[in-house]
Amino acid sequence: MDWAEELDRCAGEYLPDLEIKIDETMSRHTSFRIGGPARRMAFPKTGEQLVLLTDFAHKCGARPLVIGNGTNLLVPDEGLDRLVIDTSAGLNRLEMGAAETQVTAESGISLARLADFAQKRGLAGLEFAHGIPGTVGGALCMNAGAYGGEMAQVVEQVTLLDPECGVKILSGAEMKFGYRRSILTDHPDWVVLHAVFRLHPGDGAEIRARMEELMGKRKASQPLEWPSAGSTFKRPEGNFAGTLIDQCGLKGLTVGGAQVSEKHAGFLINRGGATFADVTGLIAQVQERVLEATGVHLEPEVKIVG
């Protein structure tokens, strides 16, 4: 019995209410709109289901891949012989914390919804997150940020699942946040369950105005009308990836259906029908030409899944 059959047996016996799809096309679940079928894809409705499912997966040898909105993923066209676990539909509990300035959010909550929740309660600190398209879990993994704000500034504590040790709680400091990384970067099998955010009182109207201001900047400068995974490359020290790519004359460079955005050179977009090979080929071309011209190696920010 292979891992998928064993997982089906365990889930059927212990998690009969859990939705599991067979050969679910990943292009439906990634913002790039690229990716072949995942052999199994599960949609847990609670943290308890997620914990049990992850435990079964490791025992079956399923190599679970936990995703939210799939906004920073590039998945092969041939698909994945893995169990993909989607938290975005079910793990969406959002509530005030123990203190008046705390908000607790499960890993599948979108950052936009989290920011809106805080704004309506007169809590500031998450304005930067309003336009980031990911979920809490993914944002914590990569310390997502924009316009001078990042997760490290607002995270009080994170409850996560370590397959070896079980559920544990880490403080914001113990998350070891850095530029587009956290302790989860070094422990990719750990799974975020929920987090407590530490905010501060503010004027609701002013918070909303700041959120709308930042969203306006995004719409004006980023190719939001095309499928992409946001900024494709990490910011090199002392510079910006988009600036270097633009200076090298690479705006509009195309491989198949993938293109360096003519609006923002830091974005590689799916102009229609782009494949995994198109995007990875374009990434390689951009890296090669920027390195040759500037001596700077651009490191991908997008997570290439295998």
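Guide: Among the 38 residues of the largest nonpolar core, L114, L126, V136, L140, M151 and F197 touch the most other members. The largest share, 5 residues, comes from α3. This is a predicted model, where local features need pLDDT of at least 70, side-chain atom pairs need 80 or more, and totals for chains, interfaces and linings use all residues. Residues are numbered from 1 along each chain as its sequence is written, and side-chain values use heavy atoms, without hydrogens and water.

Visitor: What makes a set of residues a nonpolar core?

Guide: Its members are buried Ala, Val, Leu, Ile, Met, Phe, Trp, Tyr and Cys residues, joined through side-chain atoms within 4.5 Å. Buried means under 20% relative accessible area, exposed over 50%, partly exposed in between (1.4 Å probe, protein chains only).

Visitor: What does L126 contact, beyond its neighbours within four places in sequence?

Guide: L126 is in contact with L114, A115, A118, M151, V154 and L199. Contact means heavy atoms within 4.5 Å.

Visitor: Which residues of α1 are buried?

Guide: W3, A4, L7, C10 and A11 are. They cover an arc of only 125° around the axis, so they lie on the same side of α1. The arc is taken from the directions from the helix axis to the C-beta atoms.

Conventions. Helix = DSSP H or I, 4+ residues; strand = E, 2+ residues; numbered from the N terminus.
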